[in-house]
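Welcome! Take a look at the sequence and the 3D view below, and then let us walk through them together, one piece at a time.

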Amino acid sequence: MDSQPMQYALITPARNEEAHLEATIRSVVAQTVRPLKWVIVDDGSTDRTGEIAARYAARHDWMEVLRRPEHQDRQFAAKAHAFNAGFQRLEQAPYDIVGNLDADITFEPDYFQFLLAQFAGNPRLGVAGTPFVEDFDQPGRHTYAHPNANLTHVSGACQLFRKECFAQVGGYIPVKGGAIDWIAVTTARMKGWQTRTFTEKVCFHHRKLGTGTGANYPLQTRFHYGKKAYFVGGHPLWECSRGIFQMRGRPYLLAGAAFVLGYLWAAATRTRRPVSKELMAFHRAEQLSRFRRIFPFISNRKKAA
């Protein structure tokens, strides 16, 4: 292990986040280990997002606000473009870890100290994060609180990358249909890096999942996620099983059915996939490996046959 403490930098694309941004800033300011540099990218906000960010940047020399012109583009690619603009401001910064932090997240004061320790203790760890919580009264009910959770995936709300890993995956690639953070973390594993969600800590997500996609109703959100599952090359067997699993949640039966319908609709309309054949094959191999671990009796019956 290097005797020098690890340094990290953060980038936060923010568009019309006046309701949540100040709480996120206060969480970062209160950290036991503060970032070397934090670039908040005001991505054409029409509210007080830029004003709030600028007020805090005036007090902290490690904070910078980068303003981008107003635009009507609400596609997922806009977030990648904003992040990449902020990333260019880090060219001369001697950081070891770079993080994408959403503008509606809060966490405990030792949050980044904990994650930095995971990187320091494992040189092959390329991407790290924690689960997020939306029901603040039940912090144990986070996004990975089920026995079949995939701890190798890292949610996009707060993703930390080792500098070398981020360079190898090519950073965040602008994709109109989304899955920008998923593509980055899955590519990292394909390149041989370890990726991990650590459940010892959580962050709190103050904007309910799905409300930023334009799909503001539960069934529309599930349908959207089903389309995205096809979009990134998910295996039909795994995605249908995933839909059945989601039938246990509200709205019962319909949630999972909407997910499967979204996947099938995308397949029927031959939605173009932005991922490479290599990445899709890697993704499907991972899914089938998980399927065999979860349902070993099916694999054993196939071998017997």
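## Where two helices meet: α7 and α9

Let us begin with a contact between two helices. On the α7 side, the residues taking part are L219, R222, F223, Y225, G226, K227, A229 and Y230, and they touch L254, A255, A258, F259, L261, G262, Y263, W265, A266 and A267 of α9. Sorted by class, this contact holds 14 nonpolar, two polar and two charged residues. Keep in mind as you explore that this is a predicted model.

How are the two helices placed? Helix α7 covers residues 218-231 and helix α9 covers residues 254-268; their axes come within 7 Å and cross at roughly 40 degrees. Because of that angle, α7 counts as oblique to α9. The crossing of α7 with α9 is right-handed.

## The chain as a whole

Now step back to see everything at once. The chain contains 11 helices and 10 strands. It has 305 residues, and buried residues account for 48% of them. Its accessible surface is about 15500 Å², with 53% of that belonging to carbon and sulfur atoms.

How do contacts relate to distance along the sequence? Take the contacts between residues at least 6 apart in sequence: 80% of these join residues at least 24 apart.

## Two partners for helix α10

Two packed helices are described by the angle between their axes and the distance between the axes. Helix α6 (residues 180-190) packs with helix α10 (residues 277-294) at an angle of about 80 degrees, and their axes are 10 Å apart. The angle makes α6 roughly perpendicular to α10. From α6, the residues W182, I183, T186, T187, R189 and M190 meet E278, L279, F282, H283 and E286 from α10. By class, five residues of this contact between α6 and α10 are nonpolar, three are polar and three are charged.

The other partner is helix α8, residues 236-246, whose axis comes within 9 Å of the α10 axis and crosses it at roughly 55 degrees. That places α8 oblique to α10, and the crossing of these two helices is left-handed. Here P236, L237, W238, E239 and S241 of α8 make contact with H283, R284, Q287, L288, R290, F291 and I294 of α10. The contact of α8 with α10 divides into six nonpolar, three polar and three charged residues.

## Helix α1 and its neighbours

Which residues of helix α1 are buried? In this helix, which spans residues 21-29, they are L21, T24, I25, S27, V28 and V29. These buried residues pack against several elements: the strands β1 (8-14), β2 (37-43), β3 (63-68), β4 (97-101) and β5 (105-106), together with helix α2 (49-57).

Strand β5 holds T106. Is T106 buried or exposed? Its relative accessibility is 12%, so T106 counts as buried. Setting aside neighbours within four places in sequence, T106 is in contact with A23, T24, S27, C203, F204 and H206. One of these, C203, is 97 residues away from T106 in sequence, yet their C-alpha atoms are 5.8 Å apart in space.

Finally, let us visit some loops. D61 sits in the loop between α2 and β3. With 74% relative accessibility, D61 counts as exposed. D61 and K37 are separated by 24 residues in sequence and by 8.4 Å in space, C-alpha to C-alpha.

Most residues other than glycine have a negative phi. N16, in the loop between β1 and α1, has a positive phi near 50 degrees. N16 is partly exposed, because its relative accessible area is 30%. R270 also has a positive phi, near 55 degrees, and is found in the loop between α9 and α10. At 73% relative accessibility, R270 counts as exposed.

Methods
Residues are numbered from 1 along each chain as its sequence is written. This is a predicted model: local features need pLDDT of at least 70, side-chain atom pairs count only at pLDDT 80 or more; totals for chains, interfaces and linings use all residues. Side-chain values use heavy atoms; hydrogens and water are left out. Axes are lines fitted to C-alpha atoms, for helices over the stretch in contact, and angles run from 0 to 180 degrees between N-to-C directions. Helices (H or I, at least four residues) and strands (E, at least two) are DSSP runs, numbered from the N terminus. Angles under 35 degrees count as roughly parallel, over 145 as roughly antiparallel, 65 to 115 as roughly perpendicular and the rest as oblique. Contact means heavy atoms within 4.5 Å. Ala, Val, Leu, Ile, Met, Phe, Trp, Tyr, Cys and Pro count as nonpolar, Asp, Glu, Lys and Arg as charged, and the others, Gly among them, as polar. A crossing is left-handed if the near helix is turned anticlockwise from the far one by less than a right angle, and right-handed if clockwise. Buried means under 20% relative accessible area, exposed over 50%, partly exposed in between (1.4 Å probe, protein chains only). Accessible areas come from the Shrake-Rupley method with a 1.4 Å probe; for residues, only the protein chains shown count as cover.
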